[in-house]
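Biologist: I am new to this one. Could you show me the structure, so that we can go through it together?
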Protein chains: 2
Amino acid sequence: MKKHIMVAQSGGPTAAINASLAGVIRGALGSGIYDKIYGSIHGISGVLNENFMELSERARTEEHFLERLALSPAMFLGSCRVKMSDPLEEPEIYDQIFHTLEKMHIGAFFYIGGNDSMDTITKLSIAAKAFGSHILFAGVPKTIDNDLIHTDHTPGYGSAAKYIASSMLEIAHDTYIYDLPCVTIVEIMGRDAGWLTSAAALARNEYNKTPQLIYLPEVPFSRSRFVADVKNELKKSKNVVVAVSEGIRDEKGIYISAKEAVADKFGHMQLSGVGKVLENIIKRELHVKVRSIELNILQRCAAHITSAQDLKESEELGEMAVKLTENGKTGFMTSIHRISDTPYRYEIRQASLTEIANKERSVPREWINEAGNDVTEDMLRYIRPLIAGETATEWKDGLPVYLPVPHLNHAGE
Amino acid sequence: MKKHIMVAQSGGPTAAINASLAGVIRGALGSGIYDKIYGSIHGISGVLNENFMELSERARTEEHFLERLALSPAMFLGSCRVKMSDPLEEPEIYDQIFHTLEKMHIGAFFYIGGNDSMDTITKLSIAAKAFGSHILFAGVPKTIDNDLIHTDHTPGYGSAAKYIASSMLEIAHDTYIYDLPCVTIVEIMGRDAGWLTSAAALARNEYNKTPQLIYLPEVPFSRSRFVADVKNELKKSKNVVVAVSEGIRDEKGIYISAKEAVADKFGHMQLSGVGKVLENIIKRELHVKVRSIELNILQRCAAHITSAQDLKESEELGEMAVKLTENGKTGFMTSIHRISDTPYRYEIRQASLTEIANKERSVPREWINEAGNDVTEDMLRYIRPLIAGETATEWKDGLPVYLPVPHLNHAGE
């Protein structure tokens, strides 16, 4: 009898995470060894609560299901933020998971997520071996933050970068209209890594020099240097735009928006308001018109403006994960290996999970200029291929058409 | 000898104001009586500073110039926020304007803008008659706020409404992922009128009931009723989304975000932060997960997601303004007269400028539900046709291609 597979999603949404889900489904449908495909609702919690959805029937019969799934925002199977305890500390949890999956004849379990999800896959694969379970565990990366190690970049990053660069260009057009000195500060997601904020530089072109200043968490932020930077740019142009990561810190490592910082259970800092802090600094010090804009969660969920390249790779990573388990592989994450920038070429490979949960990939210092207020051409060469191509959003009555959120009957309403 | 025309833009940007400019240019090119087309840079200031740009040559020779202009965000000719004094108080300003325009053989002047721009056109047309000038003055409406009287709706509103409704749907997908009670507050533009915030309701569909609550400036806001509303919705759904206008006020007329309010020179209140205020109220009173999102200036400048219907009408309003001056009309604004909702039919007409500068059109009370926390089906029937249809954004290297901002050499850099 053929085994089934199970797939789940975890962590924060991206515009590409459903493309990886479509990839896993496509991979399993095309596989010779797997039969049914179960989705676990709300990540690993779905396994613990036995909350599942059968996906293969729908994928086989519903026209354009996989194409529409790939283009729909957020997470079709819902998410969770469960931190798995150590298998030695709470073996009963692992026993329960393996028991449930074995009862359902699951041969392989796929987790699409970021650092924390890869931590879960690491623990599950180690525990499976220790506890004598034959279930295979595979990770498929995703995070708009682009901070996973062992992969050139992460799915979801390219689409978020495209949204950020396009928005910065549209904001530039908006800021140019008045003949008055004006400073615009745009706050972009990124607690610890400046990858997203760096994408703002792609908005520059033959007529638009903004954003002139870019501040990333990788370089200690100095308020006085910032004021001097803005003052200097105002000498060159009436219109100064600043792109700043939410997570910039001062020389002592204290968040610029520190007053609002609280730690969640993974020890991550939840921040907001750095744009407002910088706005007030400029108002006070330079007495010019200044406003701040926070690019909000549309950075990760604006599915009407995704990178075709990003969605393609996201799907391939899901498909490859299934393929690798066909050969009995377990305890790995699929990853992207870049072969060249121009023309852009890459390979989907498997990467070790070692340290992936605990290490974050920062922007290399040499991709930031010496003054620490801009990125270099190397950075732009790295991002450019990742935002390439557009996807065909379906529209009806003036609104985008996405796949209805299926788990609502259970969880939401 | 044929006369020339001059055109200018004023006030805040919309995604459709360049479509009206394209319409004026197209109208003048097709006219039998006008020769050259001058753009005044930075609104009426360009006339006072003699800062012009010749547009007809480029429009006649550059391929796709008008199509690309219509699809480019913000304001091609730049803007200003000049409040014209009364002609009797400062006749020398009017003398200077008429002198400059007559010297350039301008037969008609077109101003694309909102309330304040129509005030300028009113004063100029009255002064022209009083001072014996034969120059014709015409207004072409625009404002995302949709608060001009004498027109069914305003150009720019449909595209902003489409952006808001689409963003609300994408935000809904994002908020549905966790299996936890969560309140999301989305702050939408609108100081005095709730037209923009009302568009959030269009995001509702067969699977998405959010936003469940909508608060407009037209109804006095009560903090205690708000808390009760949210509490009630949390009983029905884990996921509550609130759409709120930036300008909501309490029973005494005091802005909910009053601490940050300052008046500009037109007496408009500059607001921000109502989302944050409501977020804090819910955190304090209900102890649930809550976050606030401010839909920022992308509401008015995200040209990659505009309403085809809005851009079509915007262009027609510009074209019609030219046509009316061909018959010697002056001191008017072109306007949209709705004939029917379904199918949507309308006519472009001319409207009087009487009171247009001083009166704002609010959402009628009967289009808001009795409880004051939602809009009615009448409102949705009104907005739906205005967001219809998509425009074909041009993309290159992963980014939208817009017409370069031309006045930068003079003003910006």
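Biologist: Which residue forms a salt bridge with Asp119(A)?
Modeller: Asp119(A) forms a salt bridge with Lys123(A), and their closest N and O atoms are 3.0 Å apart. A salt bridge here is a side-chain nitrogen of Lys or Arg within 4 Å of a carboxyl oxygen of Asp or Glu. Please note that this is a predicted model, in which local features need pLDDT of at least 70, side-chain atom pairs count only at pLDDT 80 or more, and totals for chains, interfaces and linings use all residues. Residues are numbered from 1 along each chain as its sequence is written, chains are lettered from A and ligands numbered from 1 in the order in which they are written, and side-chain values use heavy atoms, with hydrogens and water left out.
Biologist: Where do Asp119(A) and Lys123(A) lie?
Modeller: Both are in helix H6 of chain A, residues 115–131, and they are four residues apart, about one turn of the helix. Helices (H or I, at least four residues) and strands (E, at least two) are DSSP runs, numbered from the N terminus.
Biologist: How many salt bridges does the structure hold over all chains?
Modeller: The total is 44. Between chain B and chain A the count is two. Asp174(B), for instance, forms a salt bridge with Arg300(A), with 2.7 Å between the closest N and O atoms.
Biologist: And which element gives the largest share of chain B's side of that contact?
Modeller: H7(B) does, with ten residues. Among the other elements that give two or more residues are strand E11 (289–294) and helix H11 (298–301) of chain B. In residue types, the side of chain B that touches chain A divides into 33 nonpolar, 17 polar and 17 charged. Ala, Val, Leu, Ile, Met, Phe, Trp, Tyr, Cys and Pro count as nonpolar, Asp, Glu, Lys and Arg as charged, and the others, Gly among them, as polar.
Biologist: How much area do the two chains bury between them?
Modeller: About 5300 Å², with 61% of it on carbon and sulfur atoms. Buried area is the accessible area (1.4 Å probe) that two parts lose on being put together, summed over both. Chain B and chain A each bring 67 residues to the contact, where contact means heavy atoms within 4.5 Å.
Biologist: Changing topic, at what angle do H1(A) and H12(A) pack?
Modeller: Helix H1 (residues 17–30) and helix H12 (residues 308–326) of chain A pack at about 40 degrees, with their axes 7 Å apart. Axes are lines fitted to C-alpha atoms, for helices over the stretch in contact, and angles run from 0 to 180 degrees between N-to-C directions. The residues of this contact divide into six nonpolar, five polar and four charged.
Biologist: Where is there a cis peptide bond?
Modeller: One joins Thr342(A) and Pro343(A), with omega about -5 degrees. Pro343(A) sits in the loop between strand E12 (332–340) and strand E13 (345–352) of chain A. In chain B, the peptide bond from Thr342(B) to Pro343(B) is cis, with omega near -5 degrees.
Biologist: Is the phi of Glu50(A) positive or negative?
Modeller: Positive, near 50 degrees, in a residue other than glycine. Glu50(A) is found in the loop between helix H2 (44–48) and strand E3 (52–54) of chain A.
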